[in-house]
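The structure comes first, and the notes follow by topic.

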Amino acid sequence: MKDDCIFCKIATGKIPSATVYEDSHFRVILDINPATKGHCLIIPKEHFDNVYDLDGETAGKLFSLATCIARAMRDALGCEGMNIVQNNGEIAGQTVLHFHLHLIPRYEGDGLQLTWKPNEVGEEELEEIRKAIRKEI
Ligand code: AMP
Ligand code: ZN
């Protein structure tokens, strides 16, 4: 628990939230400023700043829970698709520095823009990048 962290307070119930699910590891809430109707956040109760800090066991449990919540949202909301998004760092759009996973239901004509312009990359550069990442795994 980090004293000045709003999601620590929400996850542990110190600040009320629109909770759709809770267990000993996670709280799932409705986003207060939803991107679309039914936008949910999965928040671990333990504080992790971002994906780099998350341990494998929590990550496994988290994604398992995400599949369950996603199916429940699909059935309850009748959405036609779903984006699962997770931001790390200010440049990537992270505004709350406590790891969380966004589940964003998609509807025909919802106007949400989550796509990017595809870039060209040469074979050599791809290979260089592939090797650099592989070396660090
Ligand atoms: P991110 O930009 O990935 O860090 O996402 C933070 C998300 O938390 C945003 O979608 C906010 O709307 C949402 N949010 C911030 N404060 C609250 C709160 N008190 N209750 C519910 N959602 C919140
Ligand atoms: Zn926190």
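In this predicted model, Arg 27 is buried, because its relative accessibility of 8% is under the 20% limit. The side chain of Arg 27 meets that of Glu 22 in a salt bridge with an N to O distance of 3.2 Å. Glu 22 itself is partly exposed, at a relative accessible area of 42%.

**Salt bridges**
- The structure holds seven salt bridges.
- Glu 22 also forms a salt bridge with Lys 45, at 2.7 Å from N to O.
- Glu 22 is in strand S1 (residues 19-22) and Lys 45 is in the loop between strand S3 (40-44) and H2, so this pair ties together parts 23 residues apart in sequence.
- Asp 75 and Arg 74 are joined through their side chains by a salt bridge of 3.0 Å, N to O.
- Asp 75 counts as exposed at 57% relative accessibility, while Arg 74 counts as partly exposed at 44%.
- Shared partners link Glu 22, Arg 27 and Lys 45 into one salt-bridge network.

**Thr 58**
- Thr 58 belongs to helix H2 (residues 56-77) and is buried, with a relative accessible area of 16%.
- Its side chain makes a polar contact of 2.7 Å with the side chain of Asp 55.
- Leaving aside residues up to four places away in sequence, Thr 58 touches Phe 26 and Phe 48.

**Largest pocket**
- The largest pocket has a volume of about 300 Å³.
- Its lining comprises 19 residues, with Phe 7, Asp 31, Ile 32, Asn 33 and Leu 41 nearest the centre.
- Nine lining residues are nonpolar, nine are polar and one is charged.
- Helix H1 (6-11) and strand S2 (26-30) each contribute at least two residues to this lining.

Methods: Residues are numbered from 1 along each chain as its sequence is written. Chains are lettered from A and ligands numbered from 1 in the order in which they are written. This is a predicted model: local features need pLDDT of at least 70, side-chain atom pairs count only at pLDDT 80 or more; totals for chains, interfaces and linings use all residues. Side-chain values use heavy atoms; hydrogens and water are left out. On a 1 Å grid over the protein atoms alone, a cavity is a set of points where a 1.4 Å probe fits but cannot get out, and a pocket is an open set with protein on both sides within 12 Å along at least five of seven lines; lining residues have an atom within 4 Å of a point. Grid points are joined across faces, edges and corners, and a volume is the space filled by probe spheres set on the points. Helices (H or I, at least four residues) and strands (E, at least two) are DSSP runs, numbered from the N terminus. Ala, Val, Leu, Ile, Met, Phe, Trp, Tyr, Cys and Pro count as nonpolar, Asp, Glu, Lys and Arg as charged, and the others, Gly among them, as polar. Buried means under 20% relative accessible area, exposed over 50%, partly exposed in between (1.4 Å probe, protein chains only). A polar contact is a pair of N or O atoms within 3.5 Å; within protein, one must be able to donate a hydrogen and the other to accept it, and residues adjacent in sequence count only if both atoms are side-chain atoms. Contact means heavy atoms within 4.5 Å. A salt bridge is a side-chain nitrogen of Lys or Arg within 4 Å of a carboxyl oxygen of Asp or Glu.
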